[in-house]
Amino acid sequence: MKNFNFYQNLRNLFSHINNLLSVAKKAFLSNSTDKIPFAERLNKYAALKHKSKIMTLVYATLLVVAFVLSIANHNNVNASVAPQNNMDYLLLENSMGDNLDENNIYPEESLENIRSLFEMVNYKETTKVIEHEIKLSKGDTFINILTNLGMEYKDAYGVYLELKKVYAPENLKAGQIINITTTVNTELNQLISLDNILIEPKPGQRFIVERDENNNLLARKEKDDLILEVKSADGIIDGTLSNSMHKAGVPNKIIANFINIFSYSIDFRRDVKKGDKFEIIYENHLTPNGELVQTGNILFAALTLKKDRIALHRFKDSSGQVDYYDEKGFAMKKTLHRKPLAFQSARISSPFGKRRHPIKKKIIVHWGVDYAAPKGTAIYAAGDGVVQAAKWNGGYGNYIKIRHNSEYSTAYAHMWKFAKGIHPGKRVKQGQVIGYVGSTGLSTGPHLHYEVVKNGRRVNPLRIKAAAGENLAGKNLRKFKAQVADLKKTYHSLFAKYEKKNDKLAKK
Ligand SMILES: [Zn+2]
């Protein structure tokens, strides 16, 4: 009878606890007034299992006491879990009888259950999941963001090392957003755990740190497959070309490339007038949601200036060289930029030739063209070449000279400063930034003094003749013509709109 009493009592205790647990679990997971999604609640339930070791001890002690009492006094063991404010105690009591399992008692499991139960019952009162959306300020580091959330430096450094496996936290910039989910103890205002970090440096690319099934933080990256979209736009120029293209929905980067393609042969300030027309076919790289991640190539670009239509097709030849050609496969005319500036609407403040010098107050020859432009405007290399000089040069101030070929060199004066990496011997590409507009040396205000030297003599930059690149022939030409025919078929209406009117002129 002694033994029976003890086991009976112990069994009652475990059954009681088991039932309490199953009801509580059910209540916890299905509580409809709780707005936390089911999956998240499951996660929390799992996370809770790792806490409150003290309660294990409390219940273990309780069981030992129950055992001793049972042996010593053959008395009934009374044990219960106190109902908490946010649990329906009656519900727990009522369902108790139904789930008694007379045959199986697993003390260890029950201990675990008691612990979980206790934590679940108390969960809502003390813990809360917080989703932080943190916008980085200048000077913020990944580690100090974590320590600001209450993390120990050592732990934060561990997370930093984990993230570093997929993304260098040093690349985070001011203004960027980091999403961090934490669990905190609201009573003690203490961080319990860091649950999740999400960094999305650009659309379609995500870096995530989250807990695996063993509760370890693991970093991984996600990348959406990008979709290549080919778009076309056309229109009549009203105001500036960039404004008109912008209105037609062309991304800024594509507009800049469009201007770059034509800037070899067109002075946008002088040659492009209201009523002129543009056409463009270009690529965009999109996320599956349709967000623009980056712009692609310009496949076709055309400008109709008055009645003159210049139409250029992109083509990659068999050696991998990319260039723009007219419909017949003639290479785009290339020449030194007449206005090697990012600010294409810069006006000529002083032309080439004889003039009265504003500072020296006498008639002298002006050996270049002056373009007035705001301080800091980027200055481009007028053509491919090698930097011969990048130094202070008396009245010229900060000065760069580039040799392009045996015939031509160009010089740039009064620069505010040189671009990074520009030094004698450096090879530069046409359109590459070499420095910035300033007013150094003998100068009355920020401007670029631009000189073109032909066979050792300074010449008027506006009068240099265009030099053709290599024309397509043979296999390349056949491939090119097939490509042009394909594009014309796909964009039939675009070509029909502009070609008919200019057919005769196109032949010239
Ligand atoms: Zn000048």
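**View 1. Asn297 lies in strand S8.** This is a predicted model, in which local features need pLDDT of at least 70 and side-chain atom pairs count only at pLDDT 80 or more, while totals for chains, interfaces and linings use all residues. Residues are numbered from 1 along each chain as its sequence is written. Strands (E, at least two residues) and helices (H or I, at least four) are DSSP runs, numbered from the N terminus. Asn297 counts as partly exposed because 14 C-beta neighbours fall inside 10 Å. The cut-offs are 20 or more other C-beta atoms within 10 Å for buried, 12 or fewer for exposed, and in between for partly exposed, with C-beta atoms placed from the backbone. Leaving out residues up to four places away in sequence, Asn297 touches Tyr282, Glu283 and Arg314. Contact means that the C-beta atoms, placed from the backbone, lie within 7 Å. Asn297 and Tyr282 are 15 residues apart in sequence, and 5.8 Å separates their C-alpha atoms.

**View 2. Five strands form an open sheet in the order S6-S7-S8-S9-S10.** The pairing is antiparallel; two strands pair if DSSP finds at least two bridges between them. Strand S6 (227-236) and strand S10 (322-325) stand at the edges with a single partner strand each, so one side of each has no neighbour in the sheet. On average, neighbouring strands are turned by 25° against each other, direction ignored. Axes are lines fitted to C-alpha atoms, for helices over the stretch in contact, and angles run from 0 to 180 degrees between N-to-C directions.

**View 3. Helix H9 (residues 252-262) packs on the sheet.** H9 touches strand S7 (277-286), strand S8 (292-305), S9 and S10. The direction of H9 makes about 40° with that of S8. Helix H11 (residues 474-490) lies across S7, S8, S9 and S10, and runs at about 115° to S9.

**View 4. Tyr412 is found in strand S19 (residues 408-418).** Tyr412 is buried, because 27 other C-beta atoms lie within 10 Å. Beyond its neighbours within four places in sequence, its contacts include Ile379, Tyr399 and Leu448. His449 is 37 residues from Tyr412 along the chain, with 5.7 Å between their C-alpha atoms.

**View 5. Asn189 is found in the loop between strand S2 (177-185) and strand S3 (190-202).** Its phi is positive, near 55°. Most residues other than glycine have a negative phi. Asn189 counts as exposed, with 8 C-beta neighbours inside 10 Å.

Definitions and conventions: Contact = placed C-beta atoms within 7 Å.
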